[in-house]
Amino acid sequence: SNGLTDRPDLQKMLLDLGFKWVSSKYPSHPNSKPGEEPTEATFDGIVAAQEMAQPFVYPGGLIEVPMSPISDIGAFRNGRWKLEHFLEATRRSLKSVIERGTVFDLLSHPACLYAMDPEFRAIELICDLVNRAGDRARFATLDEIAEMAAKRNAASPR
């Protein structure tokens, strides 16, 4: 849940191998008991966890691009959620990051997401929300997000 914060040795190793960024952090967040519908508190906790899923630079220079909760595995396999619940969590999370001007990094596994969402409703939802947000949101690659984090880090006072 804290990425490589406690592993400066791995941060250095990855930098030495030529990696500029990683996506190793997946913030802790609430989930429902398997088979139970997520509560408002669960949704609120997932949205709140988006704050801990924002890109940053480790002290040694490696960039972290965290994954946004809730993942498809967390929702469908661990929580046994229905697709509608996953869509609702995604909608609330994305609306929150759009309002704050922060990053949303969808964590999905094609075999899981496709099995539960063969019509790509989650992807359509994300595309629709980003497109409707106009200039307040845009699609970006993880490379672009890492580059923005590096620039922001270089510009911030130490």
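Predicted model: local features only at pLDDT ≥ 70, side-chain atom pairs only at ≥ 80, totals over all residues.
Two residues are in contact here when heavy atoms of one lie within 4.5 Å of the other's. Phe86 touches Ile70, Ser71, Asp72, Ala75, Phe76, Trp81, Leu106, Leu113 and Ala122, leaving aside residues up to four places away in sequence.

**The nonpolar cores**
- The largest nonpolar core has 22 residues, and those touching the most other members are Ile70, Phe76, Trp81, Phe86, Ala89 and Leu94.
- At least two residues of this core come from each of helix 2 (40-49), helix 3 (72-78), helix 4 (83-100), helix 5 (110-116) and helix 6 (121-132).
- Helix 4 is the top contributor to this core, giving seven residues.
- Another core, of seven residues, lies apart from it and includes Val57, Val65, Ala146 and Ala149.
- As a general point, nonpolar side chains in soluble globular proteins tend to be buried together.

**A closer look at helix 4**
- Helix 4 runs for 18 residues and spans 26 Å from its first C-alpha to its last, close to the 26 Å expected at 1.5 Å a residue.
- Buried residues in helix 4 include Leu83, Phe86, Ala89, Leu94 and Ile98, along with His85, Thr90, Ser93 and Ser96.
- The buried residues of this helix pack against helix 2, helix 3, helix 5 and helix 6.
- Just past the end of helix 4, Gly101 adopts a positive phi of about 70°.

**Out on the surface**
- Met13, Leu17 and Phe19 make up a nonpolar surface patch, together having about 310 Å² of accessible area.
- Phe19 sits in the loop between helix 1 (8-16) and strand 1 (21-22).
- With a relative accessible area of 44%, Phe19 counts as partly exposed, because that value falls between the 20% and 50% cut-offs.

Definitions and conventions: Residues numbered from 1 in each chain as written. Heavy atoms only, no water. Core = buried A, V, L, I, M, F, W, Y, C linked by side-chain atoms within 4.5 Å. Buried < 20%, exposed > 50% of the residue type's maximum accessible area, 1.4 Å probe, protein only. Helix = DSSP H or I, 4+ residues; strand = E, 2+ residues; numbered from the N terminus. Patch = residues over 30% accessible without salt bridge, like charges linked within 9 Å, V, L, I, M, F, W, Y side chains within 5 Å. Areas by Shrake-Rupley, 256 points an atom, 1.4 Å probe, with all protein chains shown as cover. Salt bridge = Lys/Arg side-chain N within 4 Å of Asp/Glu carboxyl O. Expected span 1.5 Å × (residues − 1).
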